[in-house]
Each structure stands twice: as C-alpha cells, then as structure tokens.
Amino acid sequence: MILIIALCLFANILLLFINVMFFLNKSKQFIYTLVINNIISIITLLMCINYIKGLLIESDWAALLVPFMVQILSIYFLCVCVIQIVLVVLFCKKTNC
C-alpha cells in the first residue's frame, strides 16, 4: 500500500512539473493535465487516510507516526493546490478565458 501511495505522489509531482511546462507554452493541454493531477491528488489523500485508519484499527506501532505523516501530507497537498490555483489564474489572464 505504501508503494502505491509513493508512486501516486511521484506521479503527482511529475504532473505538476508538466502543468508548469504546458502553462509556459500556453498549451490547451494544461487544463487536462490539471484535472488529472487533481484527481490523482485526491485519490492519494484518500489512500493515505485509509492506510492510517487501517493502522489505527490494527493498533500498530506505526500509528504513532500518524501526526507526523498527516502534517507532511497536508502541507504537500496545500502547496500543490496553491501552485495549481496560481497557474490557473495566470493561464486565464494570458488566454483571456
């Protein structure tokens, strides 16, 4: 499960860089990659929540890391969302949406 979450996070970061490149090229594919990136972000967060919930139910010692993991994932998700919002606003200004 952790490997799948890590792969989703890697795909999310990769798509974020692709979003920036499409934004700089003023490509219409920017919107499509933005939507895909948001879907992957939400799926990754739901998988993390489900994994943490499973750890808490099993009374696993790894659940002690939950507050640390939640803070990192929350900061990561907020940063990605802020970057995407800024890109969308700038994209709309450049293309006169």
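Is Ile39 buried, partly exposed or exposed, and what is its relative accessibility? I looked this up in a predicted model. Ile39 has 47% relative accessibility.

**Entry on Ile39.** I located Ile39 in helix α2, which covers residues 29-58.

**Entry on Ser41.** I next turned to Ser41, which is also found in helix α2. Is Ser41 buried or exposed? Its relative accessible area is 4%. Buried means under 20%, and therefore I recorded Ser41 as buried.

I asked which residues Ser41 is in contact with, apart from its neighbours within four places in sequence. I noted Asn12, Phe77 and Val80. I also looked up Ala11: its C-alpha is 9.3 Å from that of Ser41, while the two residues are 30 residues apart in sequence.

**Entry on the cavity.** How many cavities of 30 Å³ or more does the model hold? I recorded a count of 1. The largest cavity has a volume of about 50 Å³. Ser41 is one of its lining residues, and Asn12 and Phe77 are also among them. The rest of the lining consists of Leu9, Thr44, Leu45, Leu73 and Tyr76.

Finally, I checked which helices supply the lining of the largest cavity. Helices α1 (2-24), α2 and α3 (66-95) each contribute at least two residues.

Methods:
Residues are numbered from 1 along each chain as its sequence is written. This is a predicted model: local features need pLDDT of at least 70, side-chain atom pairs count only at pLDDT 80 or more; totals for chains, interfaces and linings use all residues. Side-chain values use heavy atoms; hydrogens and water are left out. Helices (H or I, at least four residues) and strands (E, at least two) are DSSP runs, numbered from the N terminus. Buried means under 20% relative accessible area, exposed over 50%, partly exposed in between (1.4 Å probe, protein chains only). Contact means heavy atoms within 4.5 Å. On a 1 Å grid over the protein atoms alone, a cavity is a set of points where a 1.4 Å probe fits but cannot get out, and a pocket is an open set with protein on both sides within 12 Å along at least five of seven lines; lining residues have an atom within 4 Å of a point. Grid points are joined across faces, edges and corners, and a volume is the space filled by probe spheres set on the points.
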